Amino acid sequence: MGLKLSLLARRPLALLLLPLAGPVCADYPAPELVTVTASREPRPLGELAASLSVVSGEELLQSAAVHVSEALAGQAGVWINRGNGQEHLTAIRSPVLTGAGSCGAFAVVKDGVPVRATGFCNVNQLFDVNTEQAARIEVLKGPAPVLYGSDAQHGVINVLSGDPLANTGNLTFELGPSDYRRVKLNQGAVNGSHAFGIAVNGTGDGGFKRDSGFDQQKMTGRHDYLGADISVRTLLSVNNLNQETAGYVYGRGAYKDAARKRENPNPEAFRDSRSVRLQSRFELSGEGGDLWVLTPYARYTDMAFLMHFLPGTPLEENGQRSLGLQSAYVGDLSNALTATLGFDLEATDAWLRQSQEEGFSVFPAGRQYDYRVNALVAALFGSFDYELSDVSRATFGARHQILRYRYDNRMRDGDTGEDGSVCISSFTGAEGCRYSRPADRRDLFENTSVEFGLVHEFSPVLLGVAKMARGYRAPQATELYRLQNGQRRADLDAESIDSVEFGLRGGGGTLQFDLVTFYQEKKDVVFQSSDRLNLSDGATRHYGFEYDLRWQLPRNWRLAFTGTLARHRYTADVTAPGSNDLIETAGNDIDTAPRRLFAVRLGWEPSQSTQAELAWDHTGAYFTDIENRYRYDGHELLTLRLRQQLSERATVGVRVRNLANVDYAERADFSRLGGGERYFIGEPRSVYVDLSLAL
């Protein structure tokens, strides 16, 4: 099927992304890029109407990221906003989303299986994934509603494990400032039809801020079995994080004050998180090339953290256990039509408690929430690829998903204290606690999503892509059952998103490019006010242009320009929960939504044993509140990376972050409750050294 398309249309995309793996050869043909994120089987990207960024294993090795934001820096349309320690917030063709409304907007998956259960995500959940030893990271930009359903409204981050057959074994030691140290071990083995691999790392960081730092351990074990007609890939992931969290520093421009850079207003804050995941992918080849795929999985998470960003710094404890099954059948229905059909099932048992030691005003002491939620997800999907001609291919897909919650409140209903006492506001004299608990209830959300794509080869070196999609995000458990300010019930609909994008990709010889323009509209949006109230029934618009340009220059130099020009705006006014007071947001920029994100990478490889790269990252100005009264001016960062092979077994690396030693904020925010403008202050110039030994 589609011989000309598969050989010619794939080639420009492979040329485009080849620089990610090292120097580009100017001669045709180039190896084709195969992706597993945009489908449930390995597929050449040239066959897919998808916008995809790839961070290769070589890039991950070169960056040696202390935080996942460093690994994904410079990817067009992607911004990981670092908090303190290993915390983060995510943006993919979106603003940085916060609060309950941010959960479910991005699917974070490990080898195709979501890290957290549907309806129970955590905005920081990338710290539950071993990105430090991944084979590569694929980022699918824009809605991916057919394969990933509710949790892929703005995109997918897929962290892929390494092939045991390619794992020759290595041991790496790293040192850095503030007592930073990390050890990484990779080892693989083969025994007949079986291959085994293990990747383990442990990190300790004393923390740049006072009374901060973290200790983290991650392990990924993989077993592959390859038989005549069946193959099995089993993955075990174990992760532990113990973090002493530094809170926001308050005051306009505090990040520029040298005397305040190490300040930590919340020395008592912490985060402890544990997670275990087990998944097995069974692939069975049928007659005529048909493929059957079954992936059962099990997950467990347990986390406790002090919410330093809320008045009274309450303690949240939560956990979840889930079992699930992904399935897919891939087969040819005719010479021109290929189908991917499947169903997904998932059952989750989750719980959450929130409490604080001392009460004041509308924030009561003792338990504030204590509930359990059982959830069941069932979905059917189908995706069809149709070859229109030798140079054109159309895709169509649809998914119907049902999500059922059963909520059990283990406290008094309503907005009282744990003992039934009534809270009195010290500011207004109004009655009612900030936190409100609905009565036991059941909720059902049933949604259908669709997508359509077109891929056309204009020439052997130019490919055009168009895609339209309607996706959704079902309400998360915390939005439904963690109410505020006298709410008795959250009558929420699923957020919907309508998206369209057009792209041109290609290149030949020494130049490769990827140009994409996108437009998205969302309805029934849940977001957060400057008073940290969950607002609903919002509407937003997102549009922009992404570019990725790469040149292979003479004498083994290479140059890459990537970036995003985008606008993210509210298109409707909203009211606060339990109130008729209108909050005028229509026409405003969404907070933490830079209009410009640019990056330049200049690399040099004078020999096979020496690599150097200078990276420049520009973050544009953005508003920090929904009323657009406060803003952060943006910043620019330089990073230098050097790597030298000393012998056949030993390689040393040096990297310098914030080379120009600029004053900047990793994250700028505004909270009316906390005292106004606040920042996670960026660290000054930092030097890291690593030594890697082949085993």
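This is a predicted model: local features need pLDDT of at least 70, side-chain atom pairs count only at pLDDT 80 or more; totals for chains, interfaces and linings use all residues.

Mentor: Residues are numbered from 1 along each chain as its sequence is written, and side-chain values use heavy atoms, with hydrogens and water left out.

Trainee: How many aromatic pairs does a search of the whole structure find?

Mentor: Rings of Phe, Tyr and Trp (its six-membered ring) pair if their centres lie within 6.5 Å; planes under 30 degrees apart count as stacked, over 60 as edge-to-face and the rest as tilted. The search of the whole structure finds 22 aromatic pairs. Among them, Tyr369 and Tyr435 form an edge-to-face pair, with 5.5 Å centre to centre and 65° between the planes. This pair links distant parts of the chain, since Tyr369 is in strand E20 and Tyr435 in strand E22 (residues 435–436), 66 residues apart. Helices (H or I, at least four residues) and strands (E, at least two) are DSSP runs, numbered from the N terminus.

Trainee: Is Tyr369 buried or exposed?

Mentor: Buried means under 20% relative accessible area, exposed over 50%, and partly exposed in between (1.4 Å probe, protein chains only). Tyr369 has 1% relative accessibility and therefore counts as buried. Tyr435 counts as buried because its relative accessibility is 5%.

Trainee: What is the arrangement of the rings of Tyr407 and Tyr481?

Mentor: Their centres are 4.3 Å apart and their planes are at 5°, so the pair is stacked. Here too distant parts of the chain are linked: Tyr407 belongs to strand E21 (residues 392–409) and Tyr481 to helix H5 (residues 477–481), 74 residues apart. Tyr407 is buried at 3% relative accessibility, and Tyr481 is buried at 0%. Both residues belong to a cluster in which ring pairs link Phe120, Tyr371, Tyr405, Tyr407, Phe445 and Tyr481.

Trainee: Which ring lies under the charged end of Arg271?

Mentor: A charge sits over a ring if NZ of Lys or CZ of Arg is within 6 Å of the ring centre and within 35 degrees of the ring normal. The charged end of Arg271 sits over the ring of Phe305, 4.2 Å from its centre. Arg678 lies over the face of Tyr248, at 4.0 Å from the ring centre.

Trainee: How should I read a salt bridge?

Mentor: Side chains of opposite charge can pair when their charged atoms come close. A salt bridge is a side-chain nitrogen of Lys or Arg within 4 Å of a carboxyl oxygen of Asp or Glu. A search of the whole structure finds 49 salt bridges. One of them joins Asp349 and Arg321 at 2.8 Å, N to O. Asp349 is in strand E19 (residues 337–356) and Arg321 in strand E18 (residues 315–332), 28 residues apart. Asp349 is buried at 16% relative accessibility, whereas Arg321 is partly exposed at 47%.

Trainee: How far apart are the closest N and O atoms of Asp443 and Arg441?

Mentor: They are 2.5 Å apart. Asp443 is buried at 9% relative accessibility, and Arg441 is buried at 8%. Salt bridges also form a network that links Glu174, Arg182, Lys184, Arg643, Arg655 and Asp690.

Trainee: Which residues make the nonpolar surface patch?

Mentor: Patches are made of residues with over 30% relative accessible area and no salt bridge: like charges are joined within 9 Å, nonpolar side chains (Val, Leu, Ile, Met, Phe, Trp, Tyr) within 5 Å. Accessible areas come from the Shrake-Rupley method with a 1.4 Å probe; for residues, only the protein chains shown count as cover. Tyr386, Leu388, Phe396, Val450, Phe452, Leu454 and Met468 make a nonpolar patch of about 610 Å². Strands E20 (366–389) and E23 (441–459) are the elements that give two or more residues to the patch. The largest share, three residues, comes from E23.
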